[in-house]
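Here is a note for a colleague who is meeting this structure for the first time.

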Amino acid sequence: MKRFFAFVRKEFYHIFRDKRTLLILFGMPLAQILLFGFAITNEIKNADIGVLDNSKDVTSLELINRIKASGYFKLAEYGNNTESIEESFRKGKIKLAIIFDRDFGKNFQLGKNPELQIIADASDPNTANTLINYISSIVMSFTHEKNINNKISLINTEFRMRYNEELKGVYLFVPGLITIILMLVSAMMTSISITKEKELGTMELMLVSPMKPYTVIIAKVIPYTFLSIINSAIILILGKFVFDVPIQGSLILLMAEIILFILSALSLGILISSITDSQQVALMISLVGLLLPVILLSGFIFPLENMPLWLQYFANIIPAKWFMIIIKSIMLKGSGITDIWLETLLLAGFTLVFALISVVKFKMRLE
Amino acid sequence: MKELSIKVSNLSKRFGNFVAVDNISFEVDKGEIFGFLGANGAGKSTAIKMLCGLLEPSSGNAEIAGFDIYKETEKIRKTIGYMSQKFSLYEDLTVAENIRFFGGIYGLNKNEIADRTKYILDWLKISNLRDVLVGSIPLGWKQKIAFAVSVIHNPKIVFLDEPTGGVDPITRRQFWEMIYLKSGEGITIFVTTHYMDEAEYCNRISMMNKGIIEALDTPENLKAKYSSVNMDEVFLKIARGK
């Protein structure tokens, strides 16, 4: 045990004396969560729009005011003809244009299918989609309201966005960030710190010492486990108090799952370091082989459901995918272990397999 | 009867078809300074790795301090010290922290570590470097500290793999004085080197070439045998196969 602690202490010295390591460990999570939380967001506020009101009556004015009052749109141009709208689109002055038919108001009053054309700038498809959705719902509620005494009966659809009523981006980013940062810190930093000792030749010294190889490995990953737990706590606290991201489920369950994921990432890190002796290669493998799939295939940024089937199958072997499901369920839906036992089991299975392979691999390297 | 420290018989290591170490046998006495020489690729490193338990031999036997290298690697690891040609200390740790770490992994307790730290600092007269990061200390000093650290647990044998590479002659001289001191205390020194003047400091020398030991004797006897004035000549004659 004494040997073990001597090693762990040394490992902490390494971490706390290396400014770059510290920056990756603590600076990056902070920067990322603030960036994702504040700057990068799916919500659109005050989008510039143009209106071409050929109808020019009470109804069209009322609708325009309603749209302006929603807070999502800002009237950037009140056009006179199609050409000026066209030009504003080209210049990027407006993201969306609303064109009222000449008989819009008249037909509306008569209940005779009033026509409204909405054009969005789809050079950015996501924004266009979101804006169209906003407008549609405003128009729909407007129509409904005005139609109360009319003969046309409309189906009153009411939407509820469960677990994230306001469709806040941070709700997704906080779990996603925890996933990425844990993967990065645990797998990449461990693999680099082990290969560093190999490069320097100090690993040889460990191996001729009475320290057992597995003790070396465990002592090596303990500080990173510890720091990863602190890191996830920081992100959770920031998420809760700065961005109001709830933790509906049990905090203990959440931390237990986080530790399980950290373990799987650590064993991946050890695995990488047993493949190569060079820090550079370890870094590349971690970035390309781990980080990229985690970002792309965990469902963090791109929905898995829209991917081709083979890619969906491939995503199944990425532990981060399962962890994302687990952490989202616990945080946003308040799921208990009975809801996510399958995912937890899968994650535990991965961890076990990776750990076994890396232990065998590490042993083989010694002979 | 002399006490044997290392006993190697018919030790071989093959990597596929390539024979790195071919059936070598030798013995080293307790407290002896044993020079293990040979050109690059002669099989020195492979042999040392097998003796330290870093590499499993293909065939043959060896005993280190009386322990079998197949079955008693645990005990061997506690009995030997090791210093490699690469830096054997952590650059981002201070001298005292390095001593504490290596003392720690060899199982020394707090008091022992404090004693050994004081001993090393006094021995090398470097009390002023106690809390200095090793990375900012000149190479020669680093190597001397590394040697002192490699014998921190009073091993029976210490393996030095080119310990003086890239070090100036004066420091090398001081380094060898340290080796003599420890050899006098009964620690067996097993050393490889590229410097032929250093070979003369050894009690006995083995010359390896293409996996086999071509010659093994005291420096004087070798010089006489190969009718050379210095070890450089001996080395060249053996390497050229004369």
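1. Helices (H or I, at least four residues) and strands (E, at least two) are DSSP runs, numbered from the N terminus, and two strands pair if DSSP finds at least two bridges between them. This is a predicted model, in which local features need pLDDT of at least 70 and side-chain atom pairs count only at pLDDT 80 or more, while totals for chains, interfaces and linings use all residues. Residues are numbered from 1 along each chain as its sequence is written, chains are lettered from A and ligands numbered from 1 in the order in which they are written, and side-chain values use heavy atoms, with hydrogens and water left out.

2. Strand 9 (residues 204-209) and strand 10 (residues 212-217) of chain B run antiparallel and are joined by five bridges, one of which pairs I205(B) with D217(B). Two residues lie between these strands, and K210(B), in the turn, has a positive phi of about 50°.

3. Chain B also has an open sheet of four strands in the order 2-1-4-5, with antiparallel pairing. Its edges are strand 2 (18-29) and strand 5 (67-68) of chain B, each of which pairs on one side only. Strand 5 of chain B is held to strand 4 (residues 59-64) of chain B by two bridges in the antiparallel sense, and within this pairing D68(B) is the bridge partner of E63(B). Helix 1 of chain B packs on the sheet, where it touches (contact means heavy atoms within 4.5 Å) strand 1 (4-15), strand 2 and strand 4 of chain B. The direction of helix 1 makes about 120° with that of strand 1 of chain B, where axes are lines fitted to C-alpha atoms, for helices over the stretch in contact, and angles run from 0 to 180 degrees between N-to-C directions.

4. In chain A, four strands form an open sheet in the order 2-1-3-4 with mixed pairing. Strand 2 (73-79) and strand 4 (116-120) of chain A are at the edges with a single partner strand each, so one side of each has no neighbour in the sheet. From one strand to the next the twist averages 25°. Strand 1 (residues 47-53) and strand 2 of chain A are parallel and share six bridges, with L75(A) as the bridge partner of I49(A). Helix 3 (residues 58-69) of chain A lies across strands 1, 2, 3 (96-100) and 4 of chain A, at about 145° to strand 2.

5. How many residues does each chain bring to the contact between them? Chain B gives 30 residues and chain A gives 26 residues. The buried area (the accessible area, with a 1.4 Å probe, that two parts lose on being put together, summed over both) is about 2600 Å², and carbon and sulfur atoms give 59% of that. On the side of chain B, L54(B), Y90(B) and I105(B) lose the most area to chain A, together 23% of what that side buries.

6. The rule finds two salt bridges across this interface, a salt bridge being a side-chain nitrogen of Lys or Arg within 4 Å of a carboxyl oxygen of Asp or Glu. The side chains of R17(A) and E97(B) meet in a salt bridge at 2.6 Å, N to O. Helix 3 of chain B gives the most to the side of chain B that touches chain A, with six residues.
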